[in-house]
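Take a moment to turn the model around before reading on. We will go from its core to its surface.

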Amino acid sequence: MKDKMLQELNPLELRCLSLAARGRTREDITRETDICHDRIDEAFNSAMQKLQAGNVAEAIFRAARMDLIS
């Protein structure tokens, strides 16, 4: 399943989850990546769907358990 997730989660989704895992807010991520807020929201929503998570915290937890983020 990890290999499948690595193929499905795109670099922005992984980066957003990784930054959120380090305590960054969506606004922080927008400033740090210089990517619009809507695109960040899309990345989180897409990652949650791919990881079958109900919220960002659960998506972070699942991604971390699969060693997709550290």
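**From core to surface**

The largest nonpolar core has 22 residues. Those with the most contacts inside it are Cys-16, Leu-17, Ile-29, Phe-44, Leu-51 and Leu-68. A nonpolar core here is a set of buried Ala, Val, Leu, Ile, Met, Phe, Trp, Tyr and Cys residues joined through side-chain atoms within 4.5 Å. Buried means under 20% relative accessible area, exposed over 50%, and partly exposed in between (1.4 Å probe, protein chains only). Helix H2 (11–21), helix H4 (37–50) and helix H5 (56–65) each give two or more residues to this core. H2 gives the most, with six residues. Helices (H or I, at least four residues) are DSSP runs, numbered from the N terminus. In soluble globular proteins, nonpolar side chains tend to be buried together.

This is a predicted model: local features need pLDDT of at least 70, side-chain atom pairs count only at pLDDT 80 or more, and totals for chains, interfaces and linings use all residues. Residues are numbered from 1 along each chain as its sequence is written, and side-chain values use heavy atoms, with hydrogens and water left out.

Now find Phe-44. Leaving aside neighbours within four places in sequence, Phe-44 is in contact (heavy atoms within 4.5 Å) with Cys-16, Leu-17, Ala-20, Arg-26, Ile-29 and Val-56.

How do H2 and H5 cross? Their axes come within 10 Å and cross at roughly 100°. That makes H2 roughly perpendicular to H5 (65 to 115 degrees). Axes are lines fitted to C-alpha atoms, for helices over the stretch in contact, and angles run from 0 to 180 degrees between N-to-C directions. Leu-17, Ala-20 and Ala-21 in H2 meet Val-56, Ala-59, Ile-60 and Ala-63 in H5.

Next come the charged side chains. The count is six salt bridges, each a side-chain nitrogen of Lys or Arg within 4 Å of a carboxyl oxygen of Asp or Glu. One of them joins Glu-13 and Lys-50 (3.1 Å, N to O). Glu-13 lies in helix H2 and Lys-50 in helix H4, so the pair ties together parts that are 37 residues apart in sequence. Glu-13 is buried, at 2% relative accessibility. Lys-50 is partly exposed, at 24%.

Finally, look at two loops. Most residues other than glycine have a negative phi. Asp-34 is not a glycine, yet has a positive phi of about 60°. Asp-34 sits in the loop between helix H3 (26–33) and H4 and is exposed, at 72% relative accessibility. Gln-52 also has a positive phi, of about 55°. Gln-52 is in the loop between H4 and H5 and is exposed, at 61%.

Methods: Parallel < 35°, antiparallel > 145°, perpendicular 65-115°, else oblique.
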